[in-house]
Amino acid sequence: MMALAGGLPALIVLQLVLWSQDFSPKVQWTSAVLLGGAWLATGLAVRERVVRPLQILSNLLAALREGDYSIRARGAGFDDALGLAFAEVNALSEPLREQHLGALEATAILRKVMAEIDVAVFALDEERKLRLVNRAGERLLAQPAERLIGRSAEGLGLERCLTGEPRRVIEAVFPAASGGRWELRRSTFRQGGMPHQLIVLTDLSRTLREEERQVWQRLVRVLSHEINNSLAPIKSIAGSLQGILKRVPAPADRDADLERGLSVISGRAEALNRFMAAYARLARLPRPQLGSLDVREWVRRVAELEKRLPVSVIDGPDLTIQADGDQLDQALINLVGNAVDASLETGGGVSVFWTRADGVVEVRVVDEGPGLTDTENVFVPFFTTKLDGTGIGLALSRQIAEAHGGSLTLENRREHRGCQATLRIPV
């Protein structure tokens, strides 16, 4: 309409000129038809020049909105405004296509991971109705996803998981699990603008049973090794002594042989008794009896107990913690004793200091010994590199630290020779 309006004044002027002159009616009508036809044709051409590219551009944008990034606009250039728009849309489709493919691949990976992981995953909407479940969740509830989607949390036995602490261990019974301990993790997310809750359940019972089986196997191997090391020589010497007693006539040195044999049997029996006592001590560690403990006094008291080598105490912040003083004494005595043993081999020193970080007091025992050659087995019960060691000192110390909610680590020093033990106890 604007194109026609733009040519209309000229057409009217031309018609007035033609009809005001002395032309024949045939010329006048022929000129009117030709000029009117040219006027309409030009208007339609202008319309086609503008409307068709806009239609193409609209189709391109609709394709992008629908996720079809294969369509391109022809005639895109930078010589006019519409050509520039075509060029920009063509350039926009490529990164959108790459992002779309990346999102599809990420979604496929996520679905694959969700399907293969061995933890049950449930997503529930604001009405507590199930909207998503993976294969592990299907197995746990003993029903396919088609029958589970849309059901309420109460009907699925998941109502306990929607209240209380978001991360905790619960005792629960499910259709495919008669009972056991489960680690619950709950978080929230939004989908379609609506809040949802994500529940992840991990079967701790199976993991604990597997860990328990491995611990028992390792314990039986250790006990068998230590007991056989004592019983084998006892059996051998007892057989030899029986042979001596049966000799007729009795040998002249029979009494001396009997005395030596009985002494060896007694020594091996005593060693076996010490081993069993050490095991019982490790197995029967009581719960900590918490009380106020001044860290400076505790560290200095333990350092003064060591008489083989002066232990340097580097002063730290004033701290009072709630802990079992007797148990922490035992843990620190073991750490300081090990550090002194190592430093005596090289003629180095031992220092103890403490710091506070993130609500935890860190007590470090640093030695200048030869360092650790086997860092993986230092906390394995009854593993020792000492000729007269029992192998329970570090295991007992870590057990004490963990009973207080803390931890114990042992590592070689980086800048210097030696080892550093770090005992962490919550303030």
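**Helix packing and loop residues in a predicted model**

In this predicted model, Trp298, Val299, Arg301, Val302 and Leu305 of helix α9 meet Leu328, Asp329, Leu332, Ile333 and Val336 of helix α10, where contact means heavy atoms within 4.5 Å. By class, this contact has 8 nonpolar, no polar and 2 charged residues. Ala, Val, Leu, Ile, Met, Phe, Trp, Tyr, Cys and Pro count as nonpolar, Asp, Glu, Lys and Arg as charged, and the others, Gly among them, as polar. Helix α9 covers residues 295-305 and helix α10 residues 325-346; their axes come within 10 Å and cross at roughly 50 degrees. Such axes are lines fitted to C-alpha atoms, for helices over the stretch in contact, and the angles run from 0 to 180 degrees between N-to-C directions. The two helices are therefore oblique to each other: angles under 35 degrees count as roughly parallel, over 145 as roughly antiparallel, 65 to 115 as roughly perpendicular and the rest as oblique.

Residues are numbered from 1 along each chain as its sequence is written. Local features need pLDDT of at least 70 and side-chain atom pairs count only at pLDDT 80 or more, whereas totals for chains, interfaces and linings use all residues; side-chain values use heavy atoms, with hydrogens and water left out.

The chain as a whole has 11 helices and 12 strands. These are DSSP runs, numbered from the N terminus: helices are H or I with at least four residues, and strands are E with at least two. Of its 427 residues, 33% count as buried, that is, under 20% relative accessible area, with exposed meaning over 50% and partly exposed in between (1.4 Å probe, protein chains only). Among contacts with a separation of 6 or more, 55% join residues 24 or more positions apart.

Helix α2 can be followed from end to end. Its 42 residues (25-66) should span 62 Å at 1.5 Å a residue, and the end C-alpha atoms are 59 Å apart, which agrees; the expected span is 1.5 Å times one less than the number of residues. Its buried residues, including Gln28, Gly43, Pro53 and Leu57, pack against α1 (2-20) and α3 (81-116). The axes of α2 and α3 are 11 Å apart, at an angle of about 10 degrees, and the two helices are therefore roughly parallel. Residues of α2 such as Pro53, Leu57, Leu60 and Leu64 meet residues of α3 that include Leu82, Phe86, Val89 and Leu96. This contact has 14 nonpolar, 1 polar and 1 charged residues. Just after α2, Gly67 takes a positive phi of about 90 degrees.

Two loop residues also deserve attention. Most residues other than glycine have a negative phi. Arg128, however, has a positive phi of about 60 degrees although it is not a glycine; this residue lies in the loop between β1 (120-124) and β2 (130-133) and is partly exposed, with a relative accessible area of 31%. Ala142 likewise has a positive phi of about 60 degrees. Ala142 lies in the loop between α4 (135-141) and α5 (145-148) and counts as exposed at 51% relative accessibility.
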